[in-house]
Structures are given as C-alpha cells and as structure tokens.
Amino acid sequence: MPERGRVGILISGRGSNMISLVEAMQRGDVPADPVLVLSNVPSAQGLERAAEMGVPTAVVEHRRIKPREAHEREVVRVLQQHRVDLVCLAGYMRLLSPLMVEAFRNRMLNIHPSLLPAFPGLHAQRQALDHGVKLAGCTVHLVDEQCDHGPIVLQAAVPVVAGDTEESLSARILEQEHAIYPEAVRMFFDGKFRVDGRHASVEA
Ligand code: GRF
C-alpha cells in the first residue's frame, strides 16, 4: 500500500457523506487522498461540490451502458485507472453484481442509515420508525454480494424521540454518518485493519 491511500467515492445524489469524507482527508484527519468522485447520474448534486473541492470527477451513466455488467466493468475500469485503493459507496443507488464486489473485495465500504442487520434496503429510517424502535443509527460495512450485509466496521446509535418524522430522524442519523464514515476510512488505512469472516477490526 502506498504511503497515502487513494480513495474513490461513488455517489448518485447530494453527496453529503462524500463531502464529509473529502473534508476529513483534506484536513489531514485521514491519511488518504480523494482521487475520484464518480457518479452514475450526471445531474448528481455532489459532482459539482466535488469539483469545487478540487477532486476529479467522472460520470458513468448506467442509462447509457447496458447490461448491468457492462456498466460495472466501465466503473471498475475508471476506478482502476485512478489506482484507487479503497472505494467508498456514499449514497450510490445501484445494486452491485459480483463482478464489482470481486474487483474490490474487502476494499469497498458502504454507509447505511440503520443499525444493521436491522432494516437493510431502501427507506431504512422509515422502516425504523414504522417498527417502533427506540434506537436507530447508521452502519459502515464492507461490501459483499448481499445488499447492506458485509462485515461491520463501525456503527453509531441515536435515540428515536417522540414526534420524530422520517426527516427529523434522518437528520439525526446523518450527523452521525458524517462522523463515522471518515473514522472508518481512517481505520482502513491504519495499517492494522483486518477482516476475519464477519469481523472487521483494527489490531491493537
Ligand atoms: C445516506 O443516508 C446514506 O446512509 C445512504 O444514502 C444517503 C446518502 O446521502 N446510503 P448523501 O448523498 O451522502 O447526502
């Protein structure tokens, strides 16, 4: 691994997690550089913000490249071209095929707005409210072949309070997302990051 890690961030929308990751790297809190922000959606708000922060951007439109595997092959090619060590999915709204998972096995993180394994999939915050849980939260995990499933790296919990709406709960969770995602990336580049079955940890 090079002295400073090379991180590629995949987004589909506003990109607030991408911004928190880039800021943490640019502040020097994480020993890595954001070398690419890639989106499957050309109008993704985060692309403009990434460019403003001086990060190279790319668009690989899933609508234009069919089938799914061909699109993913192109995404992988662009990531490899930028010599990315770690891929961070940050609101990247695509189900991944084994092709992409295999290309970045144990080198791809995702953030999900629930305490996994509870409430995988879409609208996790709404699922949590509907279920009546008292604690919600977010999870950073390694990506495997199943959706929102791989080994857990970090989690943060937040309370659900009376009168919470999907918006208020999402905002409370998002604040924690912005804290734990950079921390998980820092752990990855710590040099003692290990994955053993379902267990991801930093050796003492
Ligand atoms: C976040 O809630 C993240 O957990 C989920 O998608 C949302 C993306 O938000 N995977 P943003 O684009 O990072 O602001």
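Partly exposed means a relative accessible area between the buried limit, under 20%, and the exposed limit, over 50%. The model is predicted.

**Entry: helix 6**

I looked up R186. Its relative accessibility is 31%, so R186 counts as partly exposed. E183 is partly exposed too, with a relative accessible area of 31%. R186 and E183 form a salt bridge, and their closest N and O atoms are 2.9 Å apart. Both sit in helix 6 (residues 166-188), three residues apart, so about one helical turn separates them.

**Entry: helix 3**

I then turned to E74. E74 forms a salt bridge with R77, with 2.9 Å between the closest N and O atoms. Both residues belong to helix 3 (residues 68-81) and lie three residues apart, about one turn of the helix. E74 has 25% relative accessibility, so it counts as partly exposed. R77 has a relative accessible area of 42% and is partly exposed.

**Entry: a network**

Which residues are linked with E102 in a network of salt bridges? I found R105 and E145. The side chains of E102 and R105 meet at 2.7 Å, N to O. E102 is partly exposed at 49% relative accessible area. R105, at 32%, is partly exposed. For the structure, I noted 11 salt bridges.

**Entry: strand 5**

Is strand 5 enclosed or open? Five of the five residues of strand 5 (residues 108-112) are buried, so the strand is largely enclosed by the rest of the structure. In a regular strand, side chains alternate between the two faces of the sheet. I checked both faces here. M108, N110 and H112 are buried on one side, and L109 and I111 are buried on the other.

Next I looked at the neighbours. Strand 4 (residues 86-89) runs parallel to strand 5, and three bridges join them. C88 has L109 as its bridge partner in strand 5. From strand 4 the chain passes through helix 4 (residues 98-103) to strand 5, in a right-handed β-α-β crossover. Strand 6 (residues 135-142) runs antiparallel to strand 5, with four bridges between them. L109 stands opposite L142 of strand 6.

**Entry: two domains**

The chain is divided into domain 1 (1-104) and domain 2 (110-204). I read 19 Å between their C-alpha centres. At the interface, 25 residues of domain 1 are in contact with 16 residues of domain 2. About 1,600 Å² is buried between the domains, and carbon and sulfur atoms give 74% of this area. How many salt bridges are there between domain 1 and domain 2? I found zero.

Notes:
Residues are numbered from 1 along each chain as its sequence is written. This is a predicted model: local features need pLDDT of at least 70, side-chain atom pairs count only at pLDDT 80 or more; totals for chains, interfaces and linings use all residues. Side-chain values use heavy atoms; hydrogens and water are left out. Buried means under 20% relative accessible area, exposed over 50%, partly exposed in between (1.4 Å probe, protein chains only). Helices (H or I, at least four residues) and strands (E, at least two) are DSSP runs, numbered from the N terminus. Two strands pair if DSSP finds at least two bridges between them. A crossover is right-handed if, with the strands pointing away from the viewer, the path from the first strand over the helix to the second runs clockwise. Domain bounds come from an automatic or database domain assignment. Contact means heavy atoms within 4.5 Å. Buried area is the accessible area (1.4 Å probe) that two parts lose on being put together, summed over both. A salt bridge is a side-chain nitrogen of Lys or Arg within 4 Å of a carboxyl oxygen of Asp or Glu.
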